[in-house]
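Hi,

Here is the structure I promised to pass on. Have a look at it first, and my notes on the chain contacts follow below.

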Protein chains: 4
Amino acid sequence: MPVLTFAEKYIRKKIGKNNPLAGLKVSACLHISKETAVLIHSLHSLGLEIRLVAANPLSSQDDIVSFLSDEGIQVHAHKGETVEEYNNEIVQAAKSRPDLIVDDGGDLHVAYARTRLDSCFGGTDETTSGTIRLRALDKSGKLRYPAIPVNEANTKHLFDNRYGTGQSAVDGLIRATGLLLAGKLVVIAGYGWVGKGVAEKVRGLGSRVVVTEVDPIRSLEAKLDGYQVLQMSDAAKIGDIFLTCTGQIDVINSSHFKLLKDGVILGNVGHFNEEVDTRSLFRMGERVEQVRENVAKIELKALGKTRSVYLLNQGRVVNLVSAEGHPPEIMQLSFANQLLSVYHLVTHRKELARKKEKLIPFPPEIDDMVSQFALEGFGLKIDRLSKRQKKYASSFTRGSA
Amino acid sequence: MPVLTFAEKYIRKKIGKNNPLAGLKVSACLHISKETAVLIHSLHSLGLEIRLVAANPLSSQDDIVSFLSDEGIQVHAHKGETVEEYNNEIVQAAKSRPDLIVDDGGDLHVAYARTRLDSCFGGTDETTSGTIRLRALDKSGKLRYPAIPVNEANTKHLFDNRYGTGQSAVDGLIRATGLLLAGKLVVIAGYGWVGKGVAEKVRGLGSRVVVTEVDPIRSLEAKLDGYQVLQMSDAAKIGDIFLTCTGQIDVINSSHFKLLKDGVILGNVGHFNEEVDTRSLFRMGERVEQVRENVAKIELKALGKTRSVYLLNQGRVVNLVSAEGHPPEIMQLSFANQLLSVYHLVTHRKELARKKEKLIPFPPEIDDMVSQFALEGFGLKIDRLSKRQKKYASSFTRGSA
Amino acid sequence: MPVLTFAEKYIRKKIGKNNPLAGLKVSACLHISKETAVLIHSLHSLGLEIRLVAANPLSSQDDIVSFLSDEGIQVHAHKGETVEEYNNEIVQAAKSRPDLIVDDGGDLHVAYARTRLDSCFGGTDETTSGTIRLRALDKSGKLRYPAIPVNEANTKHLFDNRYGTGQSAVDGLIRATGLLLAGKLVVIAGYGWVGKGVAEKVRGLGSRVVVTEVDPIRSLEAKLDGYQVLQMSDAAKIGDIFLTCTGQIDVINSSHFKLLKDGVILGNVGHFNEEVDTRSLFRMGERVEQVRENVAKIELKALGKTRSVYLLNQGRVVNLVSAEGHPPEIMQLSFANQLLSVYHLVTHRKELARKKEKLIPFPPEIDDMVSQFALEGFGLKIDRLSKRQKKYASSFTRGSA
Amino acid sequence: MPVLTFAEKYIRKKIGKNNPLAGLKVSACLHISKETAVLIHSLHSLGLEIRLVAANPLSSQDDIVSFLSDEGIQVHAHKGETVEEYNNEIVQAAKSRPDLIVDDGGDLHVAYARTRLDSCFGGTDETTSGTIRLRALDKSGKLRYPAIPVNEANTKHLFDNRYGTGQSAVDGLIRATGLLLAGKLVVIAGYGWVGKGVAEKVRGLGSRVVVTEVDPIRSLEAKLDGYQVLQMSDAAKIGDIFLTCTGQIDVINSSHFKLLKDGVILGNVGHFNEEVDTRSLFRMGERVEQVRENVAKIELKALGKTRSVYLLNQGRVVNLVSAEGHPPEIMQLSFANQLLSVYHLVTHRKELARKKEKLIPFPPEIDDMVSQFALEGFGLKIDRLSKRQKKYASSFTRGSA
């Protein structure tokens, strides 16, 4: 992950001897993978004190947890923890009087908002879901420190959400089920960056794709990208595999379950396990059986027929639970943004504290920096505008007709 | 073009009896195609008086010019006019004391800025190039009326620039040359919406694609979309076909010409014929021969070898000169935005006149309206958010973990 | 077309001074395009006397006809000739006592079979349709000379039928209609090499594709290639555009016409204008109007609704009538096979005359030769098997476990 | 796997009471996966006595071995057995006086040929490699019983080799390495059905693909399919990932290792671990380290630089070792052919025994049967030729011009 290394080196060079990061306490809530370990290692080696908890009860890799503990990081997580354990660890991380919060999904920010602490002077979050929650906290006056929505970095959402999730969701789907994608009809709910990425990769492996959307422009894009666009109530009747990529709740719900064909597969790619209404699904199920490690078979009786529905990972994010999450080539971009955002919060602390709106726009200079690091990391050499071209770019005398 | 029809109907319903459009004078500078005829017809039938000139000396379709003249529209254009004729017609259109300017590329806005008239109270332009020029005029204080950058509508640039130009550029390339695209190495300069669209369609017909870019993020996108990313000085040595999609000048210039392989094809998809430095190319050419209707063969001696370079349409926009421009399914979106922007300028005349900045952001309500019309026009039915989902979309209590 | 040039050079080198081709009379029935002109020129310059007629009433390019006449070739064809003229020219070419027949579609072979002449000592045909007809003639004892089915060359059908027709059919469709392919539902009837090629290119431009087939294995291939596979009676209800690629009759017939949506487009990519049952279509039509150069609008009343159907080129092959046929890069392969087959027939005349079966397998040495010429023509350098690898290729002791 | 079930049912219905299969001894050498278990179960339930050994020392799944043993099948295999154990089990299976041999790769046939037994009256093999070896045995007079090359079934090689290996090779590659495929340059050696399938899927996930080939026609296909075609000595210098799909030895060898970039990945998709010359690779390596479960890092010093090469699965077939082999949707086709071939050998025993050539063409009636079962299994309904169309298909009077 050279891009993260470049970011760390940049900070290291900047901070010099009076390291402003030294001794600051960070509570971090992240999916605990080998890539996360590298970010945590960077933060730690820059002098920050880390308390790390999981961003999902099922996504922690236990060997990474051990590794980080051995390195002297406080980690409170393990794969397959209960929801109570999971929530409790987040609450404890919030209550530990952090100076900074680094989050993935917003659970830690929300938990901190529920405390009366005033220790925290800045936070970050790297997901679409987390950004939505930070915005909601800000609107209701509950965000008490400046927060950077890392997902809004171009070098984050254009890459992580599209290429990272695209590959890892397909990877998770194949590992979980062992099925052939060629010839299947895959329904992708949501055509944001994540849905776009997943649709493209699934098609790349030979599936036909149906897209469902609530946004008119994204619907038209999906259609002109060559996908069939349907309402979920129609897609439910014909799909072989369903993947939710919306950030919404109940995208596939009890009104759809009864329409499904026998043997369909339901998986979720979104942050929360609420996109498929699993509560209703289990309630409607006559029989539930775990048929592969990450696959539950649920028998439904509906409309006079018995059919089987296969649910992946209890409705939790398929790329992190059934596969290993995003590839390192992608995570380095997201984490370089996280790392530089933490540094930005520390070095701009006073200036940011004065602002009324707490959720600040993503600093474009970080995006620029990460994109330059990325060019180098990916080994790309690109053209530069000449002086004449730069002038032309802002001139109205262009066009010799 | 039902989307344009819906827009016209919407306006017709709104204006009622005291038609505020009646008798207003519009100078329009557009590529004169059958789709344009429908827009002009709509404007005309809504009571506007139109003076239409060409947006490119080579792009006018003479039968459409005749048709519009017969309908009583003032049209001053013909296919293959000289640059002098072309410029003169624009100047005359600017000097005709228009109330409104409808432009494609900004030539008419620039021509009006050079007059001392104060007749015009609003303008539009539908291209990236035009937007850049309007911005430059505005910055230098020479834009004297509110102008709407139609290209910034999502329902314009996401569709017209990508799918419209994507198909029509490939169409123009094949009609001009008759060559097989499968197996060719095509160099696409620029990976904005236009470059993205063209790259995708060219690949869809079996070409390998090399992308050149000056923007780091677009370069990374191109790489992860599966294209090779090179500097033009390297791409020049290996490409079979070159298509410029940048909005810049001299993207392929004399430093590149001498590196080209024998028999390569140079075409431009951008608005102006400046992306390939044709002046230098003709100056360097030992012999020039018109080998097909839209193909000039130029023999160069360079680096001790003689090689032939084939230039399409004298470097002018390949999809409009060698083919018929964008398909109507796409143009209806762009033109519905144009039409509703004209109506917006008239109905918000006073309010807009008070604003200091003249280049205004594209009105989102027009984008929303066009996207709804487009759903209907394309026959799409999509899901709607439930109340519960709408609430969830702005809530921080999401995520049951 | 360097591959054709290499083939001509090869023959020229072989024939030496006593040219066995000199003065032999060839009757040729081909689509008269610029590529055909090059083949005819090669045959002519090798000493053969050519009489050329058209392979389709609508596919002749008049400037090429003039050019060939000026070169001293007997050409009897013009674009848009009547069916009577067309048939008569073929009959005359058959009756002209040819030594050899070079055909595309089999019309000339069938016409010759109906004469009582014994002048002809060999023939070729380059299409699937022609091969089927030659086989039928042979079975019924009516093929009186050895004939080479050029379509069976790998260097012909793998390239011409797939990549050549793939691009040129899409080109013809766009030129004829001007429509956007992105987002359309295109029904491809037949998934042989032609259907495979057309489906791939249409998808490459953003269409969804439905395939209809009668062969189980091809149907499964289509499904696993990511297309929807339906019976025509179901596809008829949902398609926007239909392209027949089967070599069969009545693939879209009166039972389907009444199921079509309003505004659909019907085109044919097969050799004969019998794949869409145009006779029934015109009979069922209430009104017929030519709305673009190659598009007829036919109004049907069926099932209580009036709908419009747009027929391309009167049901004749869309890539030759609306576009310029295959690109030269492809035709050079097919025509090199034709040229070398003619030479083969002359040099193996005695030996072939003794064979009982007249339709002979395509000579593999020609295929090998053309593939070597093609490597050179396309500038490809490829690996060669080492001695050790050659031995391994036919050994049973492979596999060290 | 309904297709296999249909085949079993068909046989069960045919055999009636005097089951000719009952008690026959089958020695089978197959990759031991869950799909194989179903085939073995079918053979067993039809009355055959099975002795099963592994087709690769690393591909056996131990839980399946246990499951089959519990079912009463003789299985001699475990994952990670030594080459000595592996070979010994095959030799024992050959010596066990089988009536029939069912093989994957030909090891068992070769082992039997080295015995002097005359027990065996028929055999099958399902791979390209096995077919080559059977042909070599036959030519040298060492094949003493009729053998059916199952790979030659259209319902086998068109599906198993292309779609099955295509997906499972990509799956194995991602599981083994965890890397992002988007933006990588992947070199595919060999463009047969396997190489075609792998290239397509790798491209579908966003990689650029370079193909190396020794066959001119396949090279041209690869080029026109949009891949770059190079000699391995050039590809070696630029590739990020290499996958061999050739059935040859030493495709990547010591002359190439020294040209590789630092950090490249070498994997094999072919049957034998000889395509990458691993012996030379390990000999050239200064240091070897196992960095992930299936990835060895080998440090090479060559041309004055140290570089790391990552070898997957010791050069053994990546889709079986790092992933779970082909999906069941595909294996059912291959195994239905195996099952019906065994039945064919038994029911045609006498007739086949009389033939001189022992390697017989694949019986087309089995292919037809499996394709019909597959239509049903995949839920496809397709068109049938009408009487008129059937007649047309073999008529020379087609074409009304």
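To start with something you can check on screen: which side chain of chain B meets A:Glu221 in a salt bridge? That would be B:Arg162, with 2.7 Å from N to O. Keep in mind that this is a predicted model.

**Chain A with chain B**

That pair belongs to a set of four salt bridges found across the interface of chain A and chain B. Sorted by class, the side of chain A that touches chain B holds 32 nonpolar, 19 polar and 20 charged residues.

As for the extent of it, 71 residues from chain A and 71 residues from chain B take part in the contact. Chain A and chain B bury about 6,300 Å² between them, and carbon and sulfur atoms give 61% of that.

**Chain D with chain A**

Now the other interface I looked at. Chain D goes onto chain A by a rotation of 180 degrees with 0.0 Å of shift along the axis, at an RMSD of 0.0 Å. The two copies are therefore related as by a two-fold rotation axis. If you want to find that axis from chain D, go to D:Gly204: its C-alpha is the nearest one in that chain, 1.8 Å away. Both copies use the same surface, as 100% of the contact residues of chain D recur in chain A.

Here 23 residues of chain D are in contact with 23 residues of chain A. The buried area is about 1,900 Å², with 56% from carbon and sulfur atoms. Of the area that chain D buries against chain A, 30% comes from D:Gln167, D:Leu180 and D:Leu205, more than from any other three residues.

The count of salt bridges between chain D and chain A is four. One of them joins A:Arg292 to D:Glu324, whose closest N and O atoms are 2.9 Å apart. On the chain D side, H7 (154–177), H8 (193–204) and H14 (328–347) are the elements giving two or more residues, and H7(D) gives the most, with five. That side divides into 10 nonpolar, four polar and nine charged residues.

Cheers

Technical notes:
Residues numbered from 1 in each chain as written. Chains lettered and ligands numbered in written order. Predicted model: local features only at pLDDT ≥ 70, side-chain atom pairs only at ≥ 80, totals over all residues. Heavy atoms only, no water. Contact = heavy atoms within 4.5 Å. Buried area = accessible area lost by both parts, 1.4 Å probe. Nonpolar A, V, L, I, M, F, W, Y, C, P; charged D, E, K, R; others polar. Least-squares fit on C-alpha atoms with pLDDT ≥ 70 in both. Helix = DSSP H or I, 4+ residues; strand = E, 2+ residues; numbered from the N terminus.
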